[in-house]
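Dear colleague,

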Amino acid sequence: MNGLVLFAHGARDPQWAAPFQRLAELVTIQRPGWQVSLAYLELMTPSLAEAVAAQIGAGASHVTVAPLFLGPGGHLRHDFPILMDALRTRYPNVGFDTLPALGESDTLLAAIAAWLVASLPG
């Protein structure tokens with residue numbers, strides 16, 4: 001079974017997570033055979049380690065982690081590789097993939113630009 005963890009920063013306000021929860025729902029609908037879950041770097045739960053452990057416990061043998069950060073800042077350049085190395089060490093029989101930051105996707109940037117242009121007056 002495959003797992004997908006949507007990995008976001010986290011915030012003190014629980015309402016901040018609403019768009020990410022909706023995204024997880026949309027992906028689950030489009031990939032019904034996959035386990036899809038959310039994880040957070042800080043301030044919210046579950047952590048990345050907790051989300052991955054839950055997916056593996058439910059039978060995932062391959063986990064893809066999608067960092068939901070617009071740009072590859074310090075957290076993605078420094079913290080994220082350390083977290084992924086720890087997971088690979090803890091679960092040597094599980095395959096792990098990571099996706100690039102959201103802002104590195106030309107498709108996503110084009111969709112945002114189209115939305116912005118369509119939202120402008122006149």
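Predicted model: local features only at pLDDT ≥ 70, side-chain atom pairs only at ≥ 80, totals over all residues.

Residues are numbered from 1 along each chain as its sequence is written, and side-chain values use heavy atoms, with hydrogens and water left out.

Four strands form an open sheet in the order 2-1-3-4, with parallel pairing; strands (E, at least two residues) and helices (H or I, at least four) are DSSP runs numbered from the N terminus, and two strands pair if DSSP finds at least two bridges between them. Strand 2 (35-40) and strand 4 (95-98) are at the edges, each with a single partner strand, so one side of each has no neighbour in the sheet.

Thr64 belongs to strand 3 (residues 62-67), and its bridge partner in strand 4 is Asp97. Thr64 is buried, at a relative accessible area of 9% (buried means under 20%, exposed over 50%, partly exposed in between; 1.4 Å probe, protein chains only).

The axes of helix 2 (residues 48-57) and helix 3 (residues 74-90) come within 10 Å and cross at roughly 30 degrees (axes are lines fitted to C-alpha atoms, for helices over the stretch in contact; angles run from 0 to 180 degrees between N-to-C directions). Leu48, Ala49 and Val52 of helix 2 meet Phe80, Leu83, Met84 and Leu87 of helix 3, contact meaning heavy atoms within 4.5 Å.

Kind regards
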